[in-house]
Amino acid sequence: MGGVHATARIEARADGRGGTALPVLASDGPLALRRTRGTAAEARVVLVGAMSGPLGGDRFAVEADVGGGARLRVGSAAATIALPGQTKDDARYEVRLTVADDGELDWLPEPLISAKGSDLSVVTRVDLGAGARLVLREEQVLGRVGEEPGLLRSRLVARIAGRVVLDQELACGPGAPGGWDGPAVLAGQRAIGQLVLARPEFAERPAEARILAEHACVMPLAGPAALVTAVAPDGLRLRRVLDEALAELDIR
Amino acid sequence: MTRTALLVLADGRFPAGGHAHSGGAEAAVKAGRITGAQSLEAFCRGRLHTAGLVAAALAAAAAGGVDPAGLDAAADARTPSPALRATARRLGRQLMRAARATWPSDELDAVARQFPKGAHQPVVLGLTARAAGLGPADAAYCAVYESVSGPATAVVRLLSLDPFEATAVLARLAPELDRVADRAVTSASAVPAEGLDVLPAASAPLLEIGAEVHAAWPVRLFAS
């Protein structure tokens with residue numbers, strides 16, 4: 001049982017002067033957090049992967065907790081690449097996000113790339129207060145250029161005021177249940193992306209369901225949130241679709 | 001339980017409106033993703049392990065007596081496509097009508113009152129199995145079978161596929177249907193101890209996107 005265990009944590013709080021303070025910015029092992037220049041109201045943090053990974057056997061977690069009145073934007077410096085490890089164990093990556101009423105979080109990491117022979121489970125859990133705002137992007141690319149993917153399992157659970165509004169699992173790659181690459185699931189596409197948008201205004205006026213591209217659409221969820229789902233042949237084309245969707249939907 | 005009750009419920013001619021739905025096959029045929037028996041099989045396999053597994057677990061949990069309102073909310077969270085949520089509720093309402101006439105029960109009446117616009121079809125399917133004296137495994141089998149038989153029957157009409165070939169697809173998938181039904185029953189049986197989060201949430205991006213595309217068509221052969 002080898003592997004690196006690391007948990008990084010960010011806490012963002014309103015500083016009482018219209019800005020956002022970061023009382024906790026705790027890097028851990030390979031998960032390094034850096035505060036970068038933000039705006040008057042918003043704090044910005046970049047997650048820097050100080051080594052490649054996650055490898056088999058690794059247990060990574062990143063937590064962000066945004067208090068009422070605070071605004072946080074988190075990105076990452078580069079794509080995360082899941083690689084095979086020395087052990088037969090799978091790797092696990094957990095993201096736990098909490099946003100209080102009147103808090104705001106933009107969680108916009110670079111893609112996760114599943115390299116040949118890797119075995120990674122990613123779980124993202126989002127807990128939002130009734131008046132919280134969220135933009136969350138998740139992109140998964142199956143294999144580096146011209147490479148077969150590894151086994152990638154992901155789950156995304158979003159709760160608003162304690163109620164689950166989205167619970168989705170996806171499993172791709174060798175060892176995933178049959179049909180994952182077939183006409184019902186991915187049909188040979190190699191990049192899958194999602195945007196979760198939550199905002200209290202959606203309770204009164206939900207986002208409209210709409211087709212954005214051949215394999216991309218906006219879907220209002222059963223709650224004050226919307227989901228953009230897209231699949232594309234590669235990560236670049238996926239990002240283009242998601243950027244367009246975000247520009248249209250993310251009006252503040 | 002009587003084995004005949006299972007046959008009545010699983011019969012494609014059971015008047016619950018399922019024949020008007022293709023389970024996403026019409027959109028996949030139009031997009032050129034299903035062109036014959038082989039791609040139909042791959043489509044059905046993908047649907048089985050995603051929507052089929054989720055439906056079977058919901059149905060098994062409902063048949064085992066888990067609170068239908070909680071299951072209905074869990075179904076909503078697992079169905080991001082509003083077109084698919086609307087379809088699931090419409091099919092749930094139609095099944096409820098047929099079920100109350102076939103196996104009258106106070107429990108069905110109560111859920112019908114609680115969800116006048118229809119609960120998600122797999123939840124109603126589980127409750128129907130319960131009213132018919134069937135158990136969670138029976139409900140799971142009905143759900144996994146429906147998840148592939150609907151598309152197979154639809155593709156016979158959409159592509160003029162030889163019905164023998166379509167039925168052979170279903171027969172080849174049978175061992176996988178058994179495994180998925182087993183998995184569904186196992187997770188459903190864990191709900192009382194571990195809560196609804198333990199239910200599978202397997203998703204198929206192209207089924208969801210395809211359902212939204214299909215719902216926007218002005219003319220279509222199938223309702224979904």
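**View 1. Contact between chain A and chain B, built from 31 residues of chain A and 34 residues of chain B.** The model shown here and in the other views is predicted. On the side of chain A that touches chain B, the elements giving two or more residues are β14 (163-172), β17 (216-220) and β18 (225-232) of chain A. Of these, β14(A) supplies the largest share, seven residues. Sorted by class, this side of chain A holds 22 nonpolar, six polar and three charged residues.

**View 2. Strand β1 (residues 5-14) of chain A beside strand β5 (residues 59-66) of chain A.** The pairing of β1(A) with β5(A) is parallel and runs over eight bridges. In this pairing, A:His5 lies opposite A:Arg59 of β5(A).

**View 3. The hairpin of β1(A) and β2(A).** Strand β2 (residues 20-26) of chain A pairs with β1(A) in the antiparallel sense, over five bridges. A:Glu11 has A:Val24 in β2(A) as its bridge partner. Five residues lie between the two strands of the hairpin, and A:Gly16 takes a positive phi near 85°.

**View 4. Packing of helix α3 (residues 37-63) of chain B and helix α4 (residues 68-77) of chain B.** The axes of the two helices are 10 Å apart, at an angle of about 175°. Because angles over 145 degrees count as roughly antiparallel, α3(B) is roughly antiparallel to α4(B). From α3(B), B:Leu58, B:Ala61 and B:Ala62 meet B:Pro68, B:Leu71, B:Ala74 and B:Ala75 of α4(B). By class, this contact has seven nonpolar residues, with no polar and no charged ones.

How values were computed:
Residues are numbered from 1 along each chain as its sequence is written. Chains are lettered from A and ligands numbered from 1 in the order in which they are written. This is a predicted model: local features need pLDDT of at least 70, side-chain atom pairs count only at pLDDT 80 or more; totals for chains, interfaces and linings use all residues. Two residues are in contact if their C-beta atoms, placed from the backbone, lie within 7 Å. Helices (H or I, at least four residues) and strands (E, at least two) are DSSP runs, numbered from the N terminus. Ala, Val, Leu, Ile, Met, Phe, Trp, Tyr, Cys and Pro count as nonpolar, Asp, Glu, Lys and Arg as charged, and the others, Gly among them, as polar. Two strands pair if DSSP finds at least two bridges between them. Axes are lines fitted to C-alpha atoms, for helices over the stretch in contact, and angles run from 0 to 180 degrees between N-to-C directions. Angles under 35 degrees count as roughly parallel, over 145 as roughly antiparallel, 65 to 115 as roughly perpendicular and the rest as oblique.
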